[in-house]
Every structure is written in C-alpha cells, then in structure tokens.
Amino acid sequence: MRTLPSDFYARPVLEVARELIGCVVEHRPAGGGEPLTSGVIVETEAYHDSEPACHAFVGLTPRTRILFGPPGRAYVYRSYGIHALLNAVCEPEGVGAAVLIRALQPLAGIEAMRARRSPLGVAMRDEELCSGPGKLTQALGIELTENGGDLYNGPVRIRPRESAWLEPTILTGTRIGITKAVELPWRFCVADNRNVSRPRPSEK
DNA sequence: CATGGGATTGACT
DNA sequence: GTCAATCCCATGC
C-alpha cells in the first residue's frame, strides 16, 4: 500500500499540517511479534523554527538535528519525562519544522491499543485510546527509538487519505500546552470528532 | 557538572 | 480546579 512521499513533507509546514488531517498513521513493530496498529489523523499542530514554541527555535543542537534534516522523517521526543510525542519533519532540509500528530481515530489493532493503554484491563472507550499526543504513541507502541526513521518505509508510516476522508471539515485553533507564541492559530482538528483532544475548538 | 523547564496525562480535591 | 511523575537536553558556570 502507498505511503506519502518525501515531497509531500517538503512544503510549508502549515499546508502539511492541514493536509495530514485524514491521513493514516500506522506502526508495524520490528520483528512482527506485535500486530500492526493504525489510526486516522484527526488533530495536528504546526511548529516552525521562526517561532519560539518550536524546539528548533534555538538552532541546530543534537536534539534538533532531525528537525533541520530531510523532510518525511519522524521526530520523536520525550515530553515531561513520561510521554513520547510523534512529529513529521517538514519543509526543505535546513529549515527546522514539524507537524505534531495530536490525535487519531483508531483503525487497526484496536485490541492491542487497549492492552497497551490499559494493561490492567480497565474498560476504555475507543475514543480514549488515541485522543492526545502521548496517548497515541502509547497505543501504537511508538518510542524514542523511532526518532529519525523515515515515514514512507520505516516502522512508522503515513498513508494518504482514503475515500471517506477526502474532504474533511477542518477547524483551526491555537496550540495546546505551550507557553510561547500561544496566539498562533496553528492547530487543526476534524470537526465533531470524538477522538480530538480537549479542549476541542468547537467547545472553546 | 548542576540546574531548570517542558508540544502531557491521570488522579485527586 | 490542582498537582506530581520523570527524563532528556539546553544552558550556564
């Protein structure tokens, strides 16, 4: 099956953030012991080295090397010491920019997601599995080892929109959880989708 | 080498 | 509404 080529990511990060809505993220764990998990992207945020909320704002460091590298790679970093957050590196090489994948609508491997998200078997609705950037990486089993992997052939891949998602209704809002450049409307969500994280733009 | 700050989540008041 | 968990890394001495 087809994956998005690196050209797709080598464009202005705001365009890519909007167009990634409706596309499908999948993770096939190495070794094949664990099942494939996937979900439709329903929420994204854009980050660019020209604004201080972006990690790349500080310039080229060991941490930001991936952000400034070729487009179409995964940038995965540890947040608050606990969560792994998944980004797609965008813009041409030399520009530090990425799209944060913030929420998915679960598609394949839902029982595996449930097992990862609730090891003790506590009941969890489908729309609780991937409704946040830390939740979706936990559900798909994505860890820091995926940092730098390419998104068209690597263990984490992104596929184009399928027919039911060709024209999603997209709401725009301000980004969540940041303290700098809070006013930029660089968050994109599917309207009326229960998998979008809180606060939903429609509720704001 | 020491320090401080998160692109979050879940539990609890 | 508040708050702690916990680790990576940028910064500054």
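A residue is near a molecule or strand if one of its heavy atoms lies within 4 Å of it. This model is predicted, so local features need pLDDT of at least 70 and side-chain atom pairs count only at pLDDT 80 or more, while totals for chains, interfaces and linings use all residues. Residues are numbered from 1 along each chain as its sequence is written, chains are lettered from A and ligands numbered from 1 in the order in which they are written, and side-chain values use heavy atoms, with hydrogens and water left out.

**View 1. The surroundings of DNA strand B.** Here we look at the 21 residues around DNA strand B, of which Y77, N87, R117, G134 and G177 come nearest. Of the DNA strand B atoms that come within 4 Å of the protein, 52% belong to sugar and phosphate. At least two residues of this surface come from each of β3 (74–79), β4 (83–89), β5 (97–108) and α5 (133–140). These elements are DSSP runs numbered from the N terminus: helices are H or I with at least four residues, and strands are E with at least two. By class, the surface near DNA strand B has nine nonpolar, nine polar and three charged residues. Nonpolar covers Ala, Val, Leu, Ile, Met, Phe, Trp, Tyr, Cys and Pro, charged covers Asp, Glu, Lys and Arg, and the others, Gly among them, are polar.

**View 2. Side chains facing the bases.** A side-chain N or O atom of H55 is 3.2 Å from a base nitrogen of DNA strand B. Y77 also places a side-chain N or O atom 3.2 Å from a base nitrogen of DNA strand B.

**View 3. T172 in strand β7.** T172 sits in β7 (residues 170–173). With 39% relative accessibility, T172 counts as partly exposed (between buried, under 20% relative accessible area, and exposed, over 50%; 1.4 Å probe, protein chains only). The side chains of T172 and R18 are joined by a polar contact of 3.2 Å (a pair of N or O atoms within 3.5 Å; within protein, one must be able to donate a hydrogen and the other to accept it, and residues adjacent in sequence count only if both atoms are side-chain atoms).

**View 4. H27 in strand β1.** H27 belongs to β1 (residues 24–27). H27 counts as buried because its relative accessibility is 2%. A polar contact of 3.1 Å links its side chain to that of E146.
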